[in-house]
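This report describes selected features of one protein model. The sequence and the structure come next.

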Amino acid sequence: MQHSYSAFGLKLVSNQALPGLLQGPAGCPDVRVHIGRIEREDAGSLVHLKRLPHNEAGEALLTVRRSAAGRFHFEYRDKTNFVVDDSGSEVWAEWPPDLTLEDMTTYLFGPILGFVLRLRGLVCLHASSIVIGDSAIALLGAAGAGKSTTAASFAKLG
């Protein structure tokens, strides 16, 4: 069964229900999400490797590889894996048995779909926003700059 969603300006179709998203209109999807086992590419076909960021022990929290076929392979330290095709129209996801579908969607709805949007030429901003009347303000900055704290302070003020 196919599940259709609209999120981040994209029409998504998934082979499993994705918790946290409301069903959207059916139609031609921008992105197909395949939940289940990922077929492994031959290690010899991986042409680019990047590890980022690192924990206190110096271990990579995320490893990103690009295959000769142009697919991007994301492996998180907890062994959650994603493959994204070079056009950002296909995403495959798998995770170890000690994690849940909800755990996987934390990555999918954040960095993975952010990467898909970037492949499509859209810039994603790490920001907090504040709505004041009919207007909105976006607070941009590096991690730890105080965006959420500032937004929370505005919320406390009403």
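The sections below cover the basis of the values, strand pairing, the nonpolar core and the surface.

## Basis

This is a predicted model, in which local features need pLDDT of at least 70 and side-chain atom pairs count only at pLDDT 80 or more, while totals for chains, interfaces and linings use all residues. Residues are numbered from 1 along each chain as its sequence is written, and side-chain values use heavy atoms, with hydrogens and water left out.

## Strand pairing

Helices (H or I, at least four residues) and strands (E, at least two) are DSSP runs numbered from the N terminus. Two strands are said to pair if DSSP finds at least two bridges between them.

Strand β1 (residues 3-7) runs antiparallel to β2, and five bridges join them. A7 has L10 in β2 as its bridge partner. The β1-β2 hairpin has two residues between its strands, and F8 there takes a positive phi near 60 degrees.

Strand β2 (residues 10-14) is largely enclosed by the rest of the structure, because four of its five residues are buried. Buried means under 20% relative accessible area, exposed over 50%, and partly exposed in between (1.4 Å probe, protein chains only).

## Nonpolar core

A nonpolar core is a set of buried Ala, Val, Leu, Ile, Met, Phe, Trp, Tyr and Cys residues joined through side-chain atoms within 4.5 Å. The largest one has 27 residues, and F74, F82 and L108 have the most contacts inside it. At least two core residues each come from β1, β2, β3, β5 (60-67), β6 (72-76), β7 (81-84), β8 (90-94) and α1. Helix α1 supplies the largest share, nine residues.

Beyond its neighbours within four places in sequence, F74 is in contact (heavy atoms within 4.5 Å) with L62, T63, V64, T80, N81, F82, V84, I112 and F115.

R65 is in strand β5 and counts as partly exposed because its relative accessibility is 23%. R65 and V83 are 18 residues apart in sequence, with a C-alpha to C-alpha distance of 9.4 Å.

V123, L125 and L140 make a nonpolar surface patch of about 340 Å². V123 lies in the loop between α1 (101-119) and β9 (127-132) and counts as exposed because its relative accessibility is 63%. Patches are made of residues with over 30% relative accessible area and no salt bridge, joined within 9 Å for like charges and within 5 Å for nonpolar side chains (Val, Leu, Ile, Met, Phe, Trp, Tyr). A salt bridge is a side-chain nitrogen of Lys or Arg within 4 Å of a carboxyl oxygen of Asp or Glu. Accessible areas come from the Shrake-Rupley method with a 1.4 Å probe, and for residues only the protein chains shown count as cover.
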